[in-house]
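Dear colleague,

Please find below the structure that I am handing over to you. My findings follow it.

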Amino acid sequence: MLGRRTGFASAARGYTAGMTSIAHPSITRTEISIGAGVTRLHGLLEVPANAVGLVLFVHGSGSNRHSPRNQHVAEILHLRGLATLLFDLLTGPEQRQDAQSAHLRFDIPFLVQRLQRTKAWVMADPHIGGLPLGYFGASTGAAAALVGAAADPEHVRAVVSRGGRPDLAMSSLPSVTAPTLLIVGSDDTEVLAMNRHAFGQLGGRRRLEVVPGAGHLFEEPGTLETVAELAGDWFAAHLSR
């Protein structure tokens, strides 16, 4: 058995951390635990009524399922009828180790293995396993999302990268046939150059969106909302049944 659940339903939910609170229609919110070898990965699964697709969030360097930025983007996706799963790529001890060495966040094969384990858990679930699947990756997590999409073109229907590091997945990019949206801040110049180079290497439909005045973390007013709207439009278009 790969995972366990403890869940509850919420009629409305808002998140505030310098961001606008958003009310949602009925959403089932479930804390999950997924087996990954001898370890367990924890996540938060949120499924709106009549969901049309499911997006797995592959977080970036030093982050986890509690990321305020990813939680805010997830809220916008819920309004488009998209379910979301924010999960930890690393266990607690691994996060503490990585905070010291920054080694695991750049171990893309390791992160892809965790992503694939999570995807297998999702696909085996009788309630959400049949939903069209997309990946939302940030920073180094975007590299894992791209490699994971290249490895499973049958099931991964769309990818969005926010401030991603596609340079860490370069050999896999020609095999990424899922429609892919690369979102980068105009002020994140080094990462923008990486994404422009990677754009031409992708094997399927692709788009590059540059958010004016945004840095790597999209902390500037209004920039994260732009990311969320772009991602919502992309997933709604490509995951709709």
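Helices (H or I, at least four residues) and strands (E, at least two) are DSSP runs, numbered from the N terminus. This is a predicted model, in which local features need pLDDT of at least 70 and side-chain atom pairs count only at pLDDT 80 or more, while totals for chains, interfaces and linings use all residues. Residues are numbered from 1 along each chain as its sequence is written, and side-chain values use heavy atoms, leaving out hydrogens and water.

Strand β2 (residues 27-36) contains Ser33. Ser33 has a relative accessible area of 1% and is buried (buried means under 20% relative accessible area, exposed over 50%, partly exposed in between, with a 1.4 Å probe and protein chains only). Its side chain makes a polar contact with the side chain of Arg40, at 2.7 Å (a polar contact is a pair of N or O atoms within 3.5 Å; within protein, one must be able to donate a hydrogen and the other to accept it, and residues adjacent in sequence count only if both atoms are side-chain atoms).

In helix α5 (residues 189-199), the buried residues are Val191, Leu192, Met194, Asn195 and Ala198. Seen down the axis of α5, these residues fall within an arc of 160 degrees, so they line one face of the helix (the arc is that of the directions from the helix axis to the C-beta atoms). They pack against β7 (156-162), β8 (180-185) and β9 (206-211), where contact means heavy atoms within 4.5 Å. Thr189, Glu190 and Arg196, on the other side of α5, are exposed.

Yours sincerely
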